[in-house]
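Hi,

Here is the structure I promised to pass on. Have a look at it first, and then read my notes below.

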Amino acid sequence: MRTCVFLDLDDTILQTRPKCPPGEPLSPAADDRNGRPLSFMTERQRALLSLLSAAGTVIPTTARNLDAYRRVRLAFTDLAVLDFGGVILRPDGTPEPDWDASIRPRALEMGPELHTELHAVQQFIDARRLEINARLIADFDMPLYLVLKHPAGNVAALQTVLREHWGGIDPQRFFIHCNGNNLSLVPRFLGKERAVQHIRAHLLGTEPVLTIGVGDSVSDAPFLAACDYALLPRDCQLAAHPLSPRG
Ligand SMILES: [Mg+2]
């Protein structure tokens, strides 16, 4: 039976140096915008990726947009899920058209609201002097989601935004991804699980397929729950959380 592995990247198969276990050999796995290594893999992570690649088709399933995905040094050759499910990238580097046709109108409609919210959260950050970087992530000319990071990794500052500014966000319209130094506000029409379900339903052929999901964050739970089996790194955020199709 064909096997298909939906693989989250950051903090699952690679991570920044401060998150790497001390004293272990590391190899560069993704670069920053200046081409310098930013994220690394342990030998165990290399071994896991080899195991999964030998077992079947590995489909990266990530919040990275195309630009950030291109900075990952790993040679994936099949589909990729980008932007929390906003884009299904084909091996030739183009968006899968049926999925694009489903997402694009909703992204363009949501765009003004995301720009407004970016401005509002920036005002909150400035008023509190939180020194957080807030960005709107776009891909293939679609505004998709907001991401906040603190340049010095001050997670408490992000928690202040989450508690005091985004605490009242409408859960019917947005979900929050919050793990370490990454706080994202994501429209509900996105979601890795939606892209995974589209791939399962339309892009894997008609033969039965064994699906395995691999991820670390609470926001990965719905896509892991959409797979036959789920695999988590030890001690990750999701390890203390029940798998739920709603996240
Ligand atoms: Mg992750």
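**What I found**

Four strands make an open sheet with parallel pairing, in the order E5-E1-E12-E13. Strands here are DSSP runs of at least two residues (E), helices are runs of at least four (H or I), and both are numbered from the N terminus. Two strands pair if DSSP finds at least two bridges between them. At the edges sit E5 (57-60) and E13 (229-231), each pairing on one side only.

Before going on: this is a predicted model, where local features need pLDDT of at least 70 and side-chain atom pairs count only at pLDDT 80 or more, while totals for chains, interfaces and linings use all residues. Residues are numbered from 1 along each chain as its sequence is written.

Back to the sheet: E1 (residues 2-7) and E5 are joined in parallel over 4 bridges, and phenylalanine 6 stands opposite isoleucine 59 in E5.

Now for helix H4 (residues 155-164). Which of its residues are buried? They include Ala157, Leu158 and Val161; buried means 20 or more other C-beta atoms within 10 Å of a residue's own, exposed means 12 or fewer, partly exposed is in between, and C-beta atoms are placed from the backbone. Seen down the axis of H4, the buried residues fall within an arc of 100° (taken from the directions from the helix axis to the C-beta atoms), so they line one face of the helix. On the other side of H4, Ala156, Gln159, Arg163 and Glu164 are exposed.

Cheers
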